[in-house]
Amino acid sequence: MSNGQRAGVLTKEEIKAEAEKARLAEKRAMERLKREHQEEAVETVYRDVSGRKVDIKVKKAEEARRRREEIEKEAKRMEWGKGLVQRRAAEEEKRRLMEEKDKPLARYADDAELNQELKEKERWNDPAAGFLTKRSISKGKRLVRPTYKGAWKPNRFMIPPGYRWDGVDRSTGFEDNLLLQKNQAKSRAAEAHAWSTEDM
């Protein structure tokens with residue numbers, strides 16, 4: 001036959017011997033092919049533009065070093081780009097996280113530290129922030145607003161003028177007339193009362 005086996009009627013032993021012989025021949029052929037392939041599979045040679053050989057390991061190490069230097073340079077630039085306030089805020093946040101690490105996960109409404117922290121938090125749109133002076137006293141800073149130094153005409157609600165007022169009355173006279181009428185009404189009422197109780 002074309003594959004090397006004998007044709008015709010064969011005994012069991014002859015068939016086994018033929019199969020073993022074919023298996024060994026196939027194994028030798030595979031080993032020969034592997035050896036030939038390994039000889040051909042030499043490591044790839046990389047070259048640069050000018051044709052010189054380039055070592056890939058050295059090239060990769062150099063690229064990694066350059067990338068590390070760029071990252072370090074960028075980190076330094078970012079460090080110098082921050083202000084003192086941002087640095088302090090980052091340190092404060094780090095310190096706060098270290099403290100939070102030791103606290104229990106669940107914090108309830110009766111947690112005094114949490115309540116104090118929420119009270120001290122400043123909110124830009126808090127309408128009652130001006131009334132809560134406890135917070136500003138506890139921090140040691142008290143907001144002192146300048147006041148107008150000098151005499152000023154009284155008004156309906158006794159509101160003093162702002163500290164930038166130059167002392168010139170630019171009103172239409174409505175407040176003066178209103179206060180005059182109120183005072184006249186009071187004095188008339190007092191006179192009427194005195195007149196009515198004169199006989200008693």
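## Salt bridges

A salt bridge here is a side-chain nitrogen of Lys or Arg within 4 Å of a carboxyl oxygen of Asp or Glu. Arg-52 is exposed because its relative accessibility is 57%. Asp-48, at 30%, is partly exposed. The whole structure holds 17 salt bridges.

## Basis of the model

The model is predicted: local features need pLDDT of at least 70, side-chain atom pairs count only at pLDDT 80 or more, and totals for chains, interfaces and linings use all residues. Residues are numbered from 1 along each chain as its sequence is written, and side-chain values use heavy atoms, with hydrogens and water left out.

## A charged network

Which residues are linked in a network of salt bridges? The members are Glu-93, Arg-96, Glu-100, Lys-103, Arg-107, Asp-111 and Glu-113. Within it, Arg-96 pairs with Glu-100, with the closest N and O atoms 3.9 Å apart. The two are four residues apart in helix α3 (residues 84–102), so about one helical turn separates them. Glu-100 also bridges to Arg-107, at 3.4 Å from N to O.

Arg-96 is partly exposed at 29% relative accessibility. Glu-100 falls in that class at 22%. Arg-107 is partly exposed too, at 25%.

## Fold and domains

The chain has six helices and two strands. Both element types are DSSP runs, numbered from the N terminus: helices are H or I with at least four residues, strands are E with at least two. From the N terminus, the order is α-β-β-α-α-α-α-α.

The domain assignment gives domain 1 (11–41) and domain 2 (45–103). Such bounds come from an automatic or database domain assignment. Taken over C-alpha atoms, the two domain centres are 57 Å apart.

## Overall shape

How does the chain's radius of gyration stand against that of a compact globule of 200 residues? The chain has 50 Å, while the globule would have a value near 16 Å. The radius is taken over C-alpha atoms, and the globule rule is 2.2 Å times the number of residues to the power 0.38. Along its principal axes, the C-alpha trace spans about 165 × 55 × 40 Å.

Of the 200 residues, 2% count as buried. The accessible surface is about 19,600 Å², with 57% belonging to carbon and sulfur atoms. Areas come from the Shrake-Rupley method with a 1.4 Å probe; for residues, only the protein chains shown count as cover.

## Distances along the chain

Lys-34 sits in helix α1 (residues 12–40). Lys-34 is exposed, at 56% relative accessibility. Its C-alpha atom lies 115 Å from that of Leu-178, 144 residues apart along the chain.

Lys-101 belongs to helix α3. Lys-101 is exposed, with a relative accessible area of 58%.

## A backbone exception

Most residues other than glycine have a negative phi. Met-158 has a positive phi, near 55 degrees. Met-158 lies in the loop between α5 (133–139) and α6 (174–196). Met-158 is exposed, at 51% relative accessible area.

Definitions and conventions: Buried means under 20% relative accessible area, exposed over 50%, partly exposed in between (1.4 Å probe, protein chains only).
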